[in-house]
Amino acid sequence: MNDRFTLDRLVSDAQTATGLDDLGAPTWQEGLDRLLPDFLGPAQLHDIGVEVVAADLQSYLTNRLQIVAWRKAHPEVAEVKVERPVVIVGQPRTGTTILYDLLAQDPRFRVPRSWEVDKPVPPAEPSTYLTDPRIAEAQAQYDLVDTLIPGFAAFHEVGAMLGQECVRITAGDFRSMIFPTQYHVPSYQRWLLTEADMAPAYDLHRRFLQLLQWDHPGERWLLKSPGHIWCLADLMAAYPGAMLVQTHRDPVRIIASIGSLVKLLRSLACDDPTIEEAATDFAEAILLGVERSLTARQQGIVTDPQVADVGFADFIADPLAAVAAVYAHFGLELTEEARAAMAGFLAANGREERGAHTYTFADTGLEAEPLRRRARPYQEAFGVPDEAL
């Protein structure tokens, strides 16, 4: 196991697999250096988990090698413009995934599909965008998810043609909340949330999008990741014209829900993960995220015209009305074609179609009142009601 998680071994394996040796700017190394000790200790990986993590890390390194090589061979890709993306930035478990899937039904949006984020090189071509063999390869992997992690589909739908989250892109610089979500990596998580410079991650993010839209552009990118909420200043520096959609929900309820989800995800790589550990890992992160989102508004990092706010309860009650409000906020046209596609998606992918999951705050082992007190300024500022725990 120790040999699997040395920097030299991981890099060498990726270079051998691709025949490439240039990983670009060395910004990737700091995050990976922080991750590896946690994988050797706190993550408590079982034998399968070791293989899962090693393959995961090699995939990110492989993609990085290939992206750097592609830009060298096609330097003109650096001139591709990423114009005013719509970015969903709400916290996890606040409806961001179904909102993303709904907006993605609008054909005017360019969405980073899971299959092309998994294997971005060579970039997709319009003529084969729906038939590329990488789609079937990716779907075969996603079909295994609910077998390997029973019950996961009730939490979070996955699929090769569904939109992928930005945390899977910034993971290529090893600055991403995808790692704490999948694995117990407490030292890395502290570094990521309190010390890490996220500018290199957003630089890679832009390069990734430029590559994806090289041969297959769209009118406007549609992006999504709860990971953005912790670094809104870096996001806005990278995309000053971005149009943000922030979903809002009782943070204490979020902590209960994310604890249940993260426990399931971590079960793929370690024995007996607990909701208590997952909720403890994320309680501080969730509160830090809502606090930073409030500070970003107060300091003008994000101005009111730049962000559409969507209440969780309002969205669940009438998703299409919430979507229409987002379009209206930004002065975008919601065409009848897009509206009909969204309604069709809702009919085929409602909560009853995917099943449900149950969880309670008591499962977290945390005390609600201190968390509630800390969340109160955010809830009052955005009109976020308490939910039953």
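## Cavities, sheet and aromatic contacts in a predicted model

The largest cavity is lined by Ser 59, Tyr 60, Asn 63, Arg 64, Ile 67, Val 117, Arg 168, Ile 169, Gly 172, Leu 204 and Phe 208. Here a cavity is a set of points, on a 1 Å grid over the protein atoms alone, where a 1.4 Å probe fits but cannot get out, and lining residues have an atom within 4 Å of a point. The model is predicted, so local features need pLDDT of at least 70 and side-chain atom pairs count only at pLDDT 80 or more, while totals for chains, interfaces and linings use all residues. Residues are numbered from 1 along each chain as its sequence is written, and side-chain values use heavy atoms, with hydrogens and water left out.

Helix 3, helix 9 and helix 12 (199-212) are the elements that give two or more residues to the lining of the largest cavity. Helices (H or I, at least four residues) and strands (E, at least two) are DSSP runs, numbered from the N terminus. Helix 3 supplies the largest share of this lining, five residues.

Two cavities of 30 Å³ or more are counted by this rule. A volume is the space filled by probe spheres set on the points, with grid points joined across faces, edges and corners. The second largest cavity is lined by Ala 43, Leu 45, Gln 182, Tyr 183, His 184, Arg 266, Ala 269 and Cys 270.

The second largest pocket has 24 lining residues, of which Met 198, Gly 227, Trp 230, Cys 231 and Arg 292 lie nearest its centre. A pocket, in contrast to a cavity, is an open set with protein on both sides within 12 Å along at least five of seven lines. Helix 9, helix 11 (186-194), helix 13 (232-238) and helix 15 each give two or more residues to the lining of this pocket.

The table sets out volumes and lining classes. Ala, Val, Leu, Ile, Met, Phe, Trp, Tyr, Cys and Pro count as nonpolar, Asp, Glu, Lys and Arg as charged, and the others, Gly among them, as polar.

| Space | Volume | Lining residues by class |
|---|---|---|
| Largest cavity | About 80 Å³ | six nonpolar, three polar, two charged |
| Second largest cavity | About 30 Å³ | five nonpolar, two polar, one charged |
| Second largest pocket | About 300 Å³ | 14 nonpolar, seven polar, three charged |

The structure holds ten aromatic pairs. Rings of Phe, Tyr and Trp (its six-membered ring) pair if their centres lie within 6.5 Å; planes under 30 degrees apart count as stacked, over 60 as edge-to-face and the rest as tilted. The ring centres of Tyr 60 and Phe 174 are 6.3 Å apart and the planes stand at 85°, so this pair is edge-to-face. Distant parts of the chain are linked by the pair, since Tyr 60 belongs to helix 3 (residues 47-73) and Phe 174 to the loop between helix 9 (167-170) and helix 10 (178-182), 114 residues apart.

Tyr 60 counts as buried, at 4% relative accessibility, and Phe 174 is buried at 0%. Buried means under 20% relative accessible area, exposed over 50% and partly exposed in between (1.4 Å probe, protein chains only). Ring pairs join Tyr 60, Phe 174, Phe 179, Tyr 188 and Trp 191 into a cluster.

A further contact involves a charge: the charged end of Arg 249 sits over the ring of Phe 312, 3.9 Å from its centre. The criterion is that NZ of Lys or CZ of Arg is within 6 Å of the ring centre and within 35 degrees of the ring normal.

Five strands form an open sheet with parallel pairing in the order 2-3-1-4-5. Its edge strands, strand 2 (109-110) and strand 5 (307-311), each pair on one side only. Two strands pair if DSSP finds at least two bridges between them.

Strand 3 (residues 220-224) runs parallel to strand 2 and is joined to strand 2 by two bridges, with Arg 110 opposite Trp 221. Strand 1 (residues 86-88) pairs with strand 3 in the parallel sense over three bridges, and Val 86 stands opposite Leu 222. Both faces of strand 3 are covered, with Arg 220, Leu 222 and Lys 224 on one side and Trp 221 and Leu 223 on the other, all buried.

Asp 272, by contrast, is exposed, with a relative accessible area of 71%. Asp 272 lies in the loop between helix 14 (251-266) and helix 15 (275-298).
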